[in-house]
Amino acid sequence: YIMDSEPELERRYADLCMIIRPDKRHGKIFDILIEFKFVPLHKAGLTGEEAKKLSPDALRALPSMKQELLDAMEQVQKYGDILERKYGNLRLQRFAVVSLGFERLLFEKVEAA
């Protein structure tokens, strides 16, 4: 992998991008793009203990988490399209990840448009 934290993509920055080296493209390894977002506990109106007790559906339903996930999904889609144009032959897997404080994570695989 060529791994780059916050590579520049048309004057914007992806959070984490791992691109397979051209000489290693014969394997079944994917190129990876991850966009991270962070929601402070106070913004969600929760304590750490309350956040830990949320079900995955309840976590996904929190307005602040929902909005950050949508934003991350939109960004990772745009960044992925830029990477596809730049490199051309990627097997790119795109992920949006949102953290609620340091207690919980929510993630979604984003399919190319």
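**Strands, a ring pair and confidence**

Student: What makes strand β4 (residues 16–19) and β5 a pair?
Tutor: They join over 3 bridges, in the antiparallel sense. Two strands pair if DSSP finds at least two bridges between them, so β4 and β5 qualify. M18 stands opposite I32 in β5. Strands here are DSSP runs (E, at least two residues), numbered from the N terminus.

Student: What should I know about the model itself?
Tutor: It is predicted: local features need pLDDT of at least 70, side-chain atom pairs count only at pLDDT 80 or more, and totals for chains, interfaces and linings use all residues. Residues are numbered from 1 along each chain as its sequence is written, and side-chain values use heavy atoms, without hydrogens and water.

Student: How do you know that β5 and β6 pair?
Tutor: 9 bridges join them, and the definition asks for at least two. These strands run parallel. F36 has V97 in β6 as its bridge partner.

Student: Why is the pair of F38 and F102 called tilted?
Tutor: Rings of Phe, Tyr and Trp (its six-membered ring) pair if their centres lie within 6.5 Å; planes under 30 degrees apart are stacked, over 60 edge-to-face, the rest tilted. F38 and F102 lie 5.4 Å centre to centre, with 45 degrees between the planes, so the pair is tilted.

Student: Why is F102 called exposed?
Tutor: Its relative accessible area is 79%. Exposed means over 50%, buried under 20%, partly exposed in between (1.4 Å probe, protein chains only). F38, at 41%, is therefore partly exposed.

Student: Where is confidence lowest?
Tutor: In strand β1 (residues 2–5), at a mean pLDDT of 58, on a confidence scale from 0 to 100.

How values were computed:
pLDDT = per-residue confidence, 0-100. Helix = DSSP H or I, 4+ residues; strand = E, 2+ residues; numbered from the N terminus.
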